[in-house]
Amino acid sequence: MINQYKFEDEPELRDLFITVDDPESHITAIETFITYRVVTKTSRGEFDSSEYEVRRRYQDFLWLKSRLEEAHPTLIIPPLPEKFIMKGMVERFSDEFIETRRKALHKFLNRIAEHPTLTFNEDFKIFLTAQTWELSSHKKQGPGLFSRMGQTVRAVASSVRGGGVKNRPDMFTDINDYMETFNQKINLLDKISQRIYKEERGYYCEMKEYGPIHTLWCASEEDLVDSLKGVASCIDKCCKATENRMAGLSENLLPVLHEYVLYSEILTGVLKRRDQIQAELDSKVDALSNKKAEKDLLTEEIGNLEDKVECANNALKADWDRWKQNMQHDMKTAFLNVAENNIHYYEQMTSQKNLEEPELFLRWLCTS
């Protein structure tokens, strides 16, 4: 699936650089939360300064994502890390959890910055530049509860009324089919990789106890001191190699697979919103044929919806190609990193130097 399409990397002149770092814990009487420093450097004329430094919490990132989805319903908005990452594999507010989230938030902002349309969104600029109180004030100016409820009600009514989309272009039918297959495979890969990581961690924890046991054994077996120490040293080296292998999985593979699990959900939502626009157009066309008296009004509405559908189609086509390129590159890089890490791991585990002392010990056992 990854090799199904070919693409070429095109060099781009970047004028916006964003870094997310320096997490800080905040404890209040009501809640405990983490803020992250967001540093922005830019040469764009629409910015008042060339460098900004603000602090943002996770809820601020959620707000930005929701605003981008409202403003660009048929574009593929990058995913945010979930509220609890890796389904309980790490504890909340642990150093590992915070660092994993920091990397994901850093990637989220840079994905937006590299997008040809999202990068110029006004809410994105405010997120990068506004002080905390200014951002809080701007949040209150967003669409109200009743407005969001109205959008939801219209979406549900449209899905109930329209059922299937009658005039969906073949390209988007193909994309729907592709995403159904992709969703199944990426979720399976995500589950398998997490299970492998958990098994590796259990193996590592057990092996970590064996080295000290052989070292203590030396005290009661004077004739085997050198051999037992050699076994303990070998186990220690294997333990470190396994630890490095686990780090490679957790840094190079698990986040990439889980990110594209979230991407598959986002793409499914984008395709449904495109279909919703198409269904609304189809309903107006049907109404026009049944209501001759309202022909002029419906004709105008149809014209507007045709323009809207065309814009949605063009936006999603471009974003689909861009997303597919990124997905193929990220998957290829992740699996190559894991393969190289595994090669290095097995080279360490099978080296003659590591096996020399254990072989002496096993030879002694056989002759005793």
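The model is predicted, so local features need pLDDT of at least 70 and side-chain atom pairs count only at pLDDT 80 or more, whereas totals for chains, interfaces and linings use all residues. Residues are numbered from 1 along each chain as its sequence is written, and side-chain values use heavy atoms, with hydrogens and water left out. The protein chain has 9 helices and 3 strands, where helices (H or I, at least four residues) and strands (E, at least two) are DSSP runs numbered from the N terminus.

**Overall fold**

- Read from the N terminus, the elements of the protein chain follow the order β-β-β-α-α-α-α-α-α-α-α-α.
- Of the 368 residues in the protein chain, 39% are buried; buried means under 20% relative accessible area, exposed means over 50%, and partly exposed lies in between, with a 1.4 Å probe and protein chains only.
- Among contacts with a separation of 6 or more in the protein chain, 74% join residues 24 or more positions apart, a contact being heavy atoms within 4.5 Å.

- Two packed helices are described by the angle between their axes and the distance between the axes; the axes are lines fitted to C-alpha atoms, for helices over the stretch in contact, and angles run from 0 to 180 degrees between N-to-C directions.
- The axes of helix H1 (residues 58-71) and helix H3 (residues 122-129) come within 9 Å and cross at roughly 165°, and H1 and H3 are therefore roughly antiparallel to each other; angles under 35 degrees count as roughly parallel, over 145 as roughly antiparallel, 65 to 115 as roughly perpendicular and the rest as oblique.
- H1 passes H3 in a left-handed crossing, a term used if the near helix is turned anticlockwise from the far one by less than a right angle, with right-handed used if clockwise.
- On the H1 side of this contact are Asp60, Phe61, Trp63, Leu64 and Arg67, which meet Asp123, Phe124 and Phe127 in H3.
- The contact of H1 with H3 has 5 nonpolar, no polar and 3 charged residues, where Ala, Val, Leu, Ile, Met, Phe, Trp, Tyr, Cys and Pro count as nonpolar, Asp, Glu, Lys and Arg as charged, and the others, Gly among them, as polar.
- For H1 and helix H2 (residues 95-114), the axes come within 12 Å and cross at roughly 30°, which makes H1 roughly parallel to H2.
- Tyr58, Phe61, Leu64, Lys65 and Leu68 of H1 make this contact with Arg101, Leu105, Phe108, Leu109 and Ile112 of H2, and its residues divide into 8 nonpolar, no polar and 2 charged.

- Because 6 of the 8 residues of H3 are buried, H3 is largely enclosed by the rest of the structure.
- Asp123, Phe124, Ile126, Phe127, Leu128 and Thr129 are the buried residues of H3, and their cover includes strand S1 (16-27), strand S2 (32-42), strand S3 (51-57), H1, H2 and helix H4 (132-139).

- Trp323 is in contact with Ile76, Met179, Phe182, Tyr260, Tyr263 and Leu267, leaving aside its neighbours within four places in sequence.
- By class, the contact of H6 with H7 has 28 nonpolar, 12 polar and 8 charged residues.

**Single residues**

- Gln278 lies in helix H7 and counts as buried at 4% relative accessibility; not counting residues up to four places away in sequence, Gln278 touches Val165, Asn167, Arg168, Pro169 and Val309.
- Asp22, found in strand S1, has a phi near 50°, a positive value in a residue other than glycine, and is partly exposed, with a relative accessible area of 35%.
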